[in-house]
Amino acid sequence: MKTKGSKSTTPMTLLPKCPTGIQGLDEITGGGFPRGRPTLVCGSAGCGKTLLAAEFLVRGAAQFGEPGVLMAFEETEAELKANVASLGFDLDGLVRRKKIVIDYVHIEPSEIQESGEYDLEGLFVRLNHAIDSIGAKRVVLDTLEALFSSLANEAILRAELRRLFRWLKVKGVTAVITAERGREQFTRHGLEEYVSDCVILLDHRVNDQIATRHLRVVKYRGARHGTNEFPFLISNEGISVLPITSLGLNHKISSARIATGIPRLDSMLGGRGFFRGSSILLTGTPGTGKTIVAANFAQAAALRGERVLFFSFEESPNQIIRNMHSIGLRLEPLVKQGLLRFHSARPSLYGLEMHLATMFKEIATFKPAVVIVDPITSLMDAGTDSESKGMVTRLIDYLKGGQVTSLFTSLTQGGHSLQQSEMAMSSLMDSWLLLQDFEGNGERNRVLYVLKARGMAHSNQIREFLISDRGIDLVDAYIGPSGVLTGSARAAQNSLEKASILAIQQEGARRKRELERKREAIERQISGLRSDYESETMELRRVDEQVGTRALTLTTERAASGRLRQADAKASVSTRGGSRNGKNGRIHR
């Protein structure tokens, strides 16, 4: 042992637990019931006490190799086998294989003689024999009221109850004792909850004509446990307890993106769609196309080979499938391939917690990659505003914990601000899309824009939302001084703009032609001047040639004239004579 200051620290010793095998219950109790100790399960009639105790035995024998004994004081062995069979458990087979022993103890109140020596010794002998016969590790006693129904002496009753619980502890079996709830106490006698190491309270309440079952761990000696109320379901697969109030902001995240099934919407989201595992809110008034967007998202995911679970609270699956035919979506093949599953229910069918429990069970069974809730606001009508927000928070927390991408459609009523979710859900969502109506010029048109998309760059522009037999198309809405124009007004404005552009183009073409004519005229003038220049140049060349020819002719004529006068010959003879005299080198004087 180590000491630190005034406090001593010792290694933590965990209380041994006996797993129940009941979905969610082991999580709430931190591993199951206390091993080797008695657990009290109390509640009013019809809350599921016997079924919970029987499932504890069946799962112990089938899953954990721990045989069990069921000692019943109200229902016979045949009745118990038939009742448990409704949960899908083969209790009869476990009895034949000596995994479970069922001992029905018939108690007739009129035959019980109360005396000062009254005790449960005979019960202990009988129970001990059943335990030893199969080496049982688990025991169920159902119920205590039948055993002590005729015992009026409270002192004896309390003494025998303490003795019973002590005997079970000494025997070392993990025991579950069922008891009916009292008016002002958890049980009729008011002692069982004090001598039990663990107390489970079951409640079957009716609010606004809607029945809901809840479970609460009242106490658990030596162990931490969930103290809130948890809804639970009784189905053909047993009991499912849903620990939906344990909310923690420690989800895993993904940077992967998934397409929406609407290419232009993907472009508005950075060209890649939403983050995988994110929560998306699609808000709009009736008739704006929320279900159509959800169906496109579901089809895109299913075509990628991902499972999609579609919760619908207003339309049946066949109606949704038929309606989607009008825009070219074919969902039937995806349903047949097991990639798309619909779950439809009226909001008034259950209470809010029971709806949530059912959704959790469907998600856990189908294991989808994408979940669609259409619309979430219809489901919220089953509870108050605070309950509704709490339900959405729990659902989002559960889906994010499993990296499930979720799309919630939200119906905004007329007269409310379209940019406010009626149940204040927007702050819980990672992305928020708004579908809005624009009315004018005798028609109503739809527009879509992205209000927020956490962690990604997104468009802030309004797009007109068009629905046709070819599907969904998002087109640029006209935004100008007169505001946003959609529908025929946008088409008319586009026509005006096209006409204006055409007029500008025609004016440009006219000016181009005029300029071309001017260019051609200038080129003609240039060509004429160039022609004149070339003509004058040629004329000048001819003059030059004539001058040269005349000069040559004149020179030639002069030379010929000189020859005729023999002027050049005399000069030549004189020159030759002088040369000969000079050659003799002698001069005579």
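In the predicted model, the side chains of Thr285 and Asp437 form a polar contact at 3.1 Å, a polar contact being a pair of N or O atoms within 3.5 Å, of which, within protein, one must be able to donate a hydrogen and the other to accept it, with residues adjacent in sequence counting only if both atoms are side-chain atoms. Thr285 is located in the loop between strand E16 (279–284) and helix H10; helices (H or I, at least four residues) and strands (E, at least two) are DSSP runs numbered from the N terminus. Thr285 is classed as buried because its relative accessibility is 12%, where buried means under 20% relative accessible area, exposed over 50%, and partly exposed in between (1.4 Å probe, protein chains only).

Residues are numbered from 1 along each chain as its sequence is written. Local features of this predicted model need pLDDT of at least 70, side-chain atom pairs count only at pLDDT 80 or more, and totals for chains, interfaces and linings use all residues, while side-chain values use heavy atoms, with hydrogens and water left out.

Beyond its neighbours within four places in sequence, Met324 is in contact (heavy atoms within 4.5 Å) with Thr291, Ile292, Ala295, Leu329 and Leu331.

Arg454 occupies the loop between strand E22 (443–453) and strand E23 (463–468) and counts as partly exposed because its relative accessibility is 41%. A polar atom of the Arg454 side chain lies 3.1 Å from the backbone oxygen of Met429. Residues up to four places away in sequence aside, Arg454 touches Phe275, Ser427, Leu428, Met429, Asp430 and Ser431. The C-alpha atoms of Arg454 and Ser278 are 9.4 Å apart, although 176 residues separate the two along the chain.

Overall, the protein contains 17 helices and 26 strands, and 45% of its 589 residues count as buried. The average pLDDT (the predictor's confidence in each residue, from 0 to 100) is 81, and 80% of the residues score at least 70. Residues 1–8 have pLDDT below 50, with 6 contacts in the model beyond near neighbours in sequence.
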